[in-house]
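Subject: Structure handover

Hello,

Here is the structure we discussed. Please open it alongside this note; my findings follow below.

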Amino acid sequence: MKIAVEGCSHGALDAIYRYLRDLEARHNYIVDALLMCGDFQAIRNHRDMQCMAVPQKYRQLGDFHKYYTGEKTAPVLTIVIGGNHEASNYMSELYHGGWLAPNIYFLGHAGCIQVNGIRIAGASGIFKSSDFGLGLYERLPYDHGSMRSIYHIREFNVRRLSLLSSPDIFLSHDWPQSIERHGDTQGLLRRKPFFRQDVQTGNLGSPPLMGLLRTLKPKWWFSAHLHVRFQATVQHDPSGTGSNSPSTTSPPQNPDEIAIADDDFDAVELQNPPIEVPRLQAASNNPDEITLEEEEEEVIQAPPVAHRPQPSVTNFLALDKCLPKREFMEVIDVPTTSDESTMPGQRCMPKLTFDPEWLAISRAFHPFFSTRRRQADYPDEATARAKVAEEMEWVKSNVHNNESNSTDASLPGIRSILDCQTFVQSAPGPGSEGAQKNQQSPWYTNPQTAAFCDMLDIPNMIDFSSDNRA
């Protein structure tokens, strides 16, 4: 199966799909799916733009609204995660994942799905220690702080992801900490000399992501964020712990980012810090990134998990943003055990299914999902794994396709995503904003989130229609 991967898209969908079409024509192949590593900018209208953490001069409608309204259709199945420059209100509607537009699927704040049997997991957003231990407390309209904290990944999601067995592919926006040590570090520094201090002090990248990489050991890990192509190979030692324990310091600033000073951002004490967090080391400036200064703080290592037999190598690749003469796309071949086949020269829709293990984890951890600042204590690992195993039996017994003609109708725990979630325009497209054009969007409860919760028989805690607190 041919899969294309793209770095930061920044709303440039037309250019990305055009480049992909040119690649296919030049190399005479057909790409089955496109993965995008954050800063996707799913902006439906001008009010969504007011919910994106960038300075006013960088707020542009972009191309996504054309795919959202049906003016255009994504030519290939597109799977995305969120970054730190998003219409966070829309991605919060689809917290558990869902269709952003026809043929464009969002993995959620964290998630794992299967594409023709290939397991693809991902983590949206970036890390900030003061928000890591909090619940999902942010509500529209966002203030200066909550517009940024909403895309800071929570310990809740890192713990959930750490319970997965090894996925084939993992997507993140940030780089895992110290990943540069596993590739051509000097080549990276020649292209990005402002990374030098962070490389020397071990501050390049995010410790929780390296913790997940060492734990999950996926075959492929793709990232973006720092706007440079970089590849590395991580060899996992037989014990499963790895030889490079990540430090708990901050990712670097990247000078191609938009700089936003947030001196008034309130720090919040961690509720459940899994480890002691050392003080932040000084970070260098990188002129090739959109930077929010309050993001550049200490972050927390992923919780420890049990070791399982896994593949021994992870192939890491970071990609640039979509601009001329930049290395922002890669096409890889991934073996699949699926019996789905296509005719040569024809593109067919891959089989997109929920991952049963992720559904079990979602049920097991739902009682700990907080929509307030305070996050309840988590169970210990043994208890959590036992609960996941229990919920896996529930998934096998209760999750299945409703379609009577489906080939997967009798497979326990397997359900087509399209059998559960179908795209719905929850908000209007551009042109209907009127006098409210420069005001933040209201909250829309998304039917896809309700459908996901109904499938798992869990309460829909993402319905904030009667709870629009600042």
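Strands E6 and E7 make a hairpin, with 2 residues between them. Asn116 sits in the turn and has a positive phi of about 50°. E6 covers residues 110–115 and E7 residues 118–123. Helices (H or I, at least four residues) and strands (E, at least two) are DSSP runs, numbered from the N terminus.

A word on the source: this is a predicted model, where local features need pLDDT of at least 70, side-chain atom pairs count only at pLDDT 80 or more, and totals for chains, interfaces and linings use all residues. Residues are numbered from 1 along each chain as its sequence is written, and side-chain values use heavy atoms, with hydrogens and water left out.

Back to E6. Strands pair if DSSP finds at least two bridges between them. E6 and E7 run antiparallel, joined by 6 bridges. Gln114 has Arg119 as its bridge partner in E7. E6 is also joined to strand E13 (residues 352–354), by 3 bridges, again antiparallel. There, Ile113 stands opposite Phe354.

Is E6 enclosed or open? 6 of its 6 residues are buried, so the strand is largely enclosed by the rest of the structure. Buried means under 20% relative accessible area, with a 1.4 Å probe and protein chains only. Ala110, Cys112 and Gln114 point one way; Gly111, Ile113 and Val115 point the other. In a regular strand the side chains alternate between the two faces of the sheet.

Next, the cores. A nonpolar core is a set of buried Ala, Val, Leu, Ile, Met, Phe, Trp, Tyr and Cys residues joined through side-chain atoms within 4.5 Å. The largest has 95 residues, and Ile169 and Trp175 touch the most other members. Helix H11 (residues 356–365) gives this core its largest share, 6 residues. A second, separate core has 30 residues, including Leu23 and Val76. Beyond its neighbours within four places in sequence, Trp175 is in contact (heavy atoms within 4.5 Å) with residues including Leu188, Phe230 and Phe316.

Last, the cavities. A search of the whole structure finds 5 of 30 Å³ or more. A cavity is a set of points on a 1 Å grid over the protein atoms alone where a 1.4 Å probe fits but cannot get out; lining residues have an atom within 4 Å of a point. Volume is the space filled by probe spheres set on the points. The largest cavity holds about 160 Å³. Its lining counts 17 residues, with His109, Ser124, Gly125, Ile150 and Tyr151 nearest the centre. Helix H4 (residues 88–93) gives the most to that lining, 3 residues.

Best wishes

How values were computed. On a 1 Å grid over the protein atoms alone, a cavity is a set of points where a 1.4 Å probe fits but cannot get out, and a pocket is an open set with protein on both sides within 12 Å along at least five of seven lines; lining residues have an atom within 4 Å of a point. Buried means under 20% relative accessible area, exposed over 50%, partly exposed in between (1.4 Å probe, protein chains only).
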